Amino acid sequence: MDFDAEQLALRDSVRAFLTSDGYSWDRLAGELGLTALAVPEEGGGFGATLFEAGIALEEAGAALLSAPLLSTTVAALALDPADPALAGLAAGTTIGAVAFGATFSDGLLHGRVEHVLDGDVADLFVVAAGDDLYAVEASQVTVTVMPTLDTTRGQAALVFDSVPARPAGPGRASHALDLLRAALAAESIGVARAALDITIEHLRTRQQFGVPLATFQALRHRVADLYVELEQATSTARHALRVAGTEEFPVAAALAKLAATEAAYTVTREAIQLLGGIGFTWEHPAHRYLKRAAANHALAGAPHTLRRFLLAYV
Amino acid sequence: MDFDAEQLALRDSVRAFLTSDGYSWDRLAGELGLTALAVPEEGGGFGATLFEAGIALEEAGAALLSAPLLSTTVAALALDPADPALAGLAAGTTIGAVAFGATFSDGLLHGRVEHVLDGDVADLFVVAAGDDLYAVEASQVTVTVMPTLDTTRGQAALVFDSVPARPAGPGRASHALDLLRAALAAESIGVARAALDITIEHLRTRQQFGVPLATFQALRHRVADLYVELEQATSTARHALRVAGTEEFPVAAALAKLAATEAAYTVTREAIQLLGGIGFTWEHPAHRYLKRAAANHALAGAPHTLRRFLLAYV
Amino acid sequence: MAPDFRAEVRAWLAEHLTGEFEPLVGTGGPGREHEHLELRAAWERELGAGGWIGLGWPRPYGRGATIAEQVVFFEEYARAGGPGRLSHVGEYLLAPTLIAHGTEEQKARFLPPIARAEELWCQGYSEPGAGSDLAGVQTRAELDGDQWRVTGQKVWTSLAHIAQWCFVLARTGPGGRKQGLSYLLVPMDQPGVTVRPIVQITGTSEFNEVFFDEAVTGADHVVGAPGDGWRVATSTLAFERGVATLGQQLGFAQELSGIVERARENGTFDDPIVADRIAAAWAGLQGLRHHALRTLSATEPDPLAASVAKLLWASWHQRLGELAMAVDGPAGTVLLDAPYELTDAQRLFLFTRADTIYGGSNEIQRNIIANRLLGR
Amino acid sequence: MAPDFRAEVRAWLAEHLTGEFEPLVGTGGPGREHEHLELRAAWERELGAGGWIGLGWPRPYGRGATIAEQVVFFEEYARAGGPGRLSHVGEYLLAPTLIAHGTEEQKARFLPPIARAEELWCQGYSEPGAGSDLAGVQTRAELDGDQWRVTGQKVWTSLAHIAQWCFVLARTGPGGRKQGLSYLLVPMDQPGVTVRPIVQITGTSEFNEVFFDEAVTGADHVVGAPGDGWRVATSTLAFERGVATLGQQLGFAQELSGIVERARENGTFDDPIVADRIAAAWAGLQGLRHHALRTLSATEPDPLAASVAKLLWASWHQRLGELAMAVDGPAGTVLLDAPYELTDAQRLFLFTRADTIYGGSNEIQRNIIANRLLGR
């Protein structure tokens with residue numbers, strides 16, 4: 001309800017695309033240009049804002065998109081806007097991923113970084129070392145693909161064994177983390193909304209004791225509580241997406257990550273309970289939503305870590 | 001259901017007494033002997049155990065008894081069993097209260113102790129200083145009566161201005177705290193049970209939307225959850241009362257205080273919500289249960305403090 | 001927004017909230033609504049004379065201020081420590097209802113005295129037998145010549161003892177539940193109206209019972225058609241959770257600041273478990289703000305927005321009261337003074353028990369939401 | 001208790017849970033019930049030969065052990081790392097039902113093979129269309145000469161793929177809901193029975209669907225009278241939460257120890273927020289134990305005890321899974337191995353989602369409790 005007409009059209013086209021049969025990375029990046037949304041025009045993008053990129057990520061979450069849209073988007077926006085890699089990321093011809101916690105000395109990257117989302121398919125790593133960002137080709141890095149609980153998104157562990165790297169965002173390391181948090185928030189909102197929709201549909205159609213489950217007030221009130229938590233989390237996530245350029249962003253992104261991943265974790269757990277036996281099976285999508293929600297919850301700052309960070313602003 | 005015939009009879013007689021019109025401290029202590037229950041026979045008591053004293057305290061909690069039964073019981077059991085003050089406490093002719101956190105040197109008590117339950121009416125203070133207990137007449141102490149949120153139980157702040165005191169329980173200071181915790185647990189169980197009973201009665205009789213409130217499943221499930229929490233807390237509290245003489249007691253008492261005061265705090269808050277407007281009024285007893293529960297929750301170790309203590313045993 | 005709007009508000013408050021009104025600073029908030037009633041009534045008239053009541057009403061009755069301007073007013077009012085408002089029932093509940101459903105005569109008769117704070121209002125919805133079930137209203141009214149005669153009992157009526165008028169939901173016709181209700185405007189100063197303060201959990205009386213015994217009001221003092229009261233009344237409930245929530249949140253922020261200050265003083269801020277709860281409360285407050293901004297900027301009205309907002313703020317505020325008590329620790333068991341003067345933490349803890357009950361309980365709000373998501 | 005009972009159990013386990021059975025130590029627990037099925041079946045026969053199955057059954061079928069002795073057996077079994085049991089459905093669910101409701105012929109026919117672990121059992125209650133609504137069972141059975149013919153579908157049937165027998169709740173007569181149900185004993189090895197493993201959230205298959213298509217069993221294989229199946233079946237549900245809960249808690253304690261160990265290794269134990277949750281989990285486990293001891297020592301049976309216990313353990317165990325994930329932190333997002341081998345934390349987290357659903361969901365248990373406290 002807080003979208004203008006253009007944003008609504010974007011949402012609808014992304015949603016239609018992701019629920020259609022034949023989507024592919026090439027069409028997603030090329031035809032729809034989702035990797036280019038928030039990239040400045042001079043960098044090869046559409047010059048929209050993180051808010052528009054968030055609309056796409058929210059829909060990607062709802063569809064459990066198994067493609068590196070989030071990582072490529074975050075990598076592109078984290079980079080110095082003048083970075084030469086930006087055009088490829090915006091076009092989707094380069095797949096990007098962001099890695100936090102390497103060290104940099106004498107022009108070389110060192111160290112091991114775990115849990116790099118989409119690190120299994122990335123062409124280019126945007127690597128945070130100290131306060132700065134560096135860009136390095138995946139071919140220069142020892143990439144170990146890790147099997148993930150959330151089978152819809154891969155991870156890699158990276159080893160930087162004195163790898164030459166190009167400065168690609170001086171002083172932008174913490175901004176990259178804020179972008180990742182805001183992006184995970186947007187996506188988590190979509191995950192939660194889809195899981196809640198599936199649950200509501202189940203309650204409306206499934207009969208027990210001779211009546212639809214949706215007639216049981218105890219379940220109705222729990223659904224209402226989930227809806228309320230998700231509504232507020234949606235507001236918090238969208239607020240962060242709106243203030244990406246301001247000094248409020250670090251706090252807003254942490255708040256959004258906290259609220260949205262908590263909401264998604266709660267909704268997807270409750271969804272399995274409300275779905276009953278069917279939600280416990282591999283063939284039903286409920287578990288995939290839960291696993292994506294659990295991953296987004298644990299990565300880039302668990303809730304109590306984020307609260308500790310926010311305490312400085314109280 | 002875990003009471004034998006004698007314990008059931010004790011519970012029934014205490015309950016009948018406390019819900020009768022003309023109860024008084026003299027009858028409570030003299031006729032029923034509730035202050036003497038767990039005092040050894042050689043100390044002038046009945047030689048029962050803390051479990052029986054707990055039965056009386058649970059009923060006292062349910063009735064929101066406004067008399068110093070808990071403090072006198074704890075003071076008596078904390079003392080060295082050979083202490084000369086025991087007989088008076090057992091007979092109820094001496095009213096006892098327990099104070100934690102004074103200091104003792106050169107035969108004199110020093111310091112200020114706040115939040116001494118029933119300190120406003122006590123004749124004798126059993127004072128913990130270091131590892132040891134000391135007994136001192138109230139007349140020797142500067143007693144400031146404090147107005148309490150829970151109007152059914154008074155408090156005092158004590159100042160020990162180099163007061164001569166008699167050693168009355170070497171090494172028993174921590175045992176006194178354990179006894180207080182177990183006693184507060186027993187009492188809190190009674191508070192919660194009474195508040196839940198009142199709520200259930202209200203839901204069964206009060207009509208809304210043309211039917212009794214008790215027909216609304218959302219409320220039914222919440223009552224069920226309260227009942228379950230209270231059942232487990234009851235088990236935990238009674239377990240502590242049973243193991244008072246063993247090395248398990250410090251942990252069991254902390255667990256009981258934690259579970260029982262959390263249950264009582266939860267039940268009494270939910271009771272006000274489920275009672276609706278009437279539960280918000282001064283004339284309805286719900287607020288007095290809430291205030292007793294809140295006080296028992298905050299004193300002698302808040303939940304997170306107790307969990308921190310228990311962490312050593314994990 | 002006029003570029004100097006904030007400066008204008010600030011200057012006016014600095015100039016007027018002083019002198020005889022100085023004692024009002026910081027008083028009359030939730031749980032303290034019994035404080036300084038007469039002086040606060042005078043203060044309301046001062047606000048009215050300054051043109052600050054009905055700021056957001058459309059012209060000619062109000063100043064047609066934007067939402068942003070109204071927020072600025074709330075912010076500056078809170079910053080100046082302005083006392084709890086007495087005219088808000090008329091300003092934020094009745095007036096929007098009249099503007100939406102009233103006749104021109106009714107607007108002309110009732111809006112100006114609200115804007116001048118010459119007539120204060122109270123709300124006659126809840127009843128002892130109906131609680132949150134608005135459609136269960138039993139109060140009856142009959143048209144007797146050119147007058148309505150109203151008989152029944154209302155509860156949770158704040159400010160009834162000082163209000164000149166009450167808007168009353170009463171049963172005027174046949175049909176059960178939502179049919180046959182009318183929205184009547186009833187003067188309080190008449191023999192047929194008795195106000196009885198209810199002593200609450202806090203020991204004070206913010207809320208009243210109001211007894212109507214053949215109380216009368218003019219036949220033309222019905223808003224909307226007779227029998228259309230359900231629709232009119234539920235629209236008022238929606239107004240109750242409008243832009244005022246942003247002002248309310250400023251009060252919440254002050255309460256939270258007080259708790260943080262207290263936690264720093266008594267050392268509990270250094271307890272990681274308490275600090276985690278403080279951070280959660282602060283995050284929750286930001287969430288309330290972000291949510292209010294999003295709903296206020298919505299292009300289409302969301303029929304569930306009011307219920308979502310009520311559940312969010314009431315539950316958050318209630319948890320804040322519990323946090324305040326946790327921060328105070330054992331000290332929270334002792335009163336500020338005898339016989340029953342509460343500390344800030346105790347007042348917040350006790351008074352917020354009502355937040356999830358009055359104005360549509362949490363259970364009613366969940367019903368409304370579930371009805372839409374899951375069908376009736 | 002025989003003074004040397006604990007020593008006897010311990011010695012027997014030390015002597016037998018070794019050699020060929022060595023690989024079983026620590027296997028087959030919740031979420032790992034697919035492991036080493038054949039060897040575990042052999043181990044069950046070893047237990048049976050040792051006289052350890054039916055320990056608590058009355059003589060002559062069992063050893064008539066006291067509750068305290070059964071607890072000792074569970075403790076020692078857990079301490080020795082005994083594998084997840086395969087005969088427990090027969091031992092703890094069917095056998096008590098037969099002892100309470102079966103004929104002498106049924107007891108003589110079925111109890112000894114359970115005690116020797118020569119016949120394993122599975123439970124045929126839940127159905128895809130009925131979920132937790134046991135009275136909504138649709139599976140039908142008809143008496144055709146000297147045989148019952150059973151047709152329908154069951155779900156949540158653990159061990160169906162290795163069990164020789166299934167006790168099935170089926171509709172055999174007129175009347176709706178709780179009327180006309182019968183409790184039938186049906187052999188699994190026949191053309192009319194098809195078992196289909198269900199791949200679960202964990203990627204493994206502890207539970208099955210079982211299809212009965214004109215499956216047959218003897219006319220005398222009905223427990224209780226035909227049409228009396230509701231009463232017989234609900235008594236089995238009560239047995240499900242008996243003394244076995246204490247044994248279950250020993251498993252819980254081992255899981256919690258593993259989490260604590262992990263937290264000490266990865267440093268999260270030093271995070272006060274995580275430590276607080278660990279302490280809460282530990283306190284909750286003590287509460288489960290104290291509650292089980294109190295209900296087991298009760299002089300009169302409490303009709304709500306089974307529902308209270310189920311809600312308590314299922315919810316606690318589910319929270320434990322969430323705690324395990326919190327302790328693992330980001331590491332919890334990566335599997336132990338491809339293609340889908342879960343870590344202990346992941347398995348606990350995912351598998352415990354079922355705890356609050358099967359065997360009577362939390363919602364059903366709350367209904368049962370509310371029916372008694374608040375009337376139907």
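Biologist: In strand 8 of chain C, which residue is the bridge partner of C:Leu184?

Modeller: The bridge partner of C:Leu184 is C:Val222, in strand 8 of chain C. A word of caution comes with that: this is a predicted model.

Now for the strands around that bridge. Strand 8 of chain C is made of residues 222-223. Strand 5 of chain C is joined to strand 8 of chain C by two bridges. The two strands run antiparallel.

Strand 5 of chain C has another partner. Strand 4 of chain C, residues 165-171, pairs with strand 5 of chain C. The sense is antiparallel here too, and the pairing covers seven bridges. One pair can be named: C:Trp165 has C:Pro187, in strand 5 of chain C, as its bridge partner.

How covered is strand 5 of chain C? It takes in residues 181-187, and six of its seven residues are buried. That makes strand 5 of chain C mostly covered. As a general point, side chains in a regular strand alternate between the two faces of the sheet.

Next, chain A as background. Its secondary structure comes to 10 helices and nine strands. Along the principal axes, the C-alpha atoms of chain A fill a box of roughly 70 × 40 × 35 Å.

Burial and contacts come next. Of the 314 residues in chain A, 63% are buried. Take the contacts in chain A between residues at least 6 apart in sequence: 70% of them join residues at least 24 apart.

Then the surface and the charges. The accessible surface of chain A comes to about 10,700 Å². Carbon and sulfur atoms account for 53% of that surface. Chain A carries 22 positive and 36 negative side chains. The centres of the two sets lie 9 Å apart.

A:Gly111 sits in strand 2 of chain A, residues 108-117. Its relative accessibility is 32%, so A:Gly111 counts as partly exposed; buried would need under 20%, and exposed over 50%. Leaving out residues up to four places away in sequence, A:Gly111 touches A:Leu158, A:Val159 and A:Phe160. A:Gly111 and A:Leu158 are 47 residues apart along the chain, and their C-alpha atoms are separated by 8.3 Å.

Definitions and conventions
Residues are numbered from 1 along each chain as its sequence is written. Chains are lettered from A and ligands numbered from 1 in the order in which they are written. This is a predicted model: local features need pLDDT of at least 70, side-chain atom pairs count only at pLDDT 80 or more; totals for chains, interfaces and linings use all residues. Side-chain values use heavy atoms; hydrogens and water are left out. Helices (H or I, at least four residues) and strands (E, at least two) are DSSP runs, numbered from the N terminus. Buried means under 20% relative accessible area, exposed over 50%, partly exposed in between (1.4 Å probe, protein chains only). Contact means heavy atoms within 4.5 Å. Accessible areas come from the Shrake-Rupley method with a 1.4 Å probe; for residues, only the protein chains shown count as cover. Lys and Arg count as positive and Asp and Glu as negative; His and the chain ends are not counted. The place of a charge is taken as NZ of Lys, CZ of Arg, CG of Asp or CD of Glu. Two strands pair if DSSP finds at least two bridges between them.
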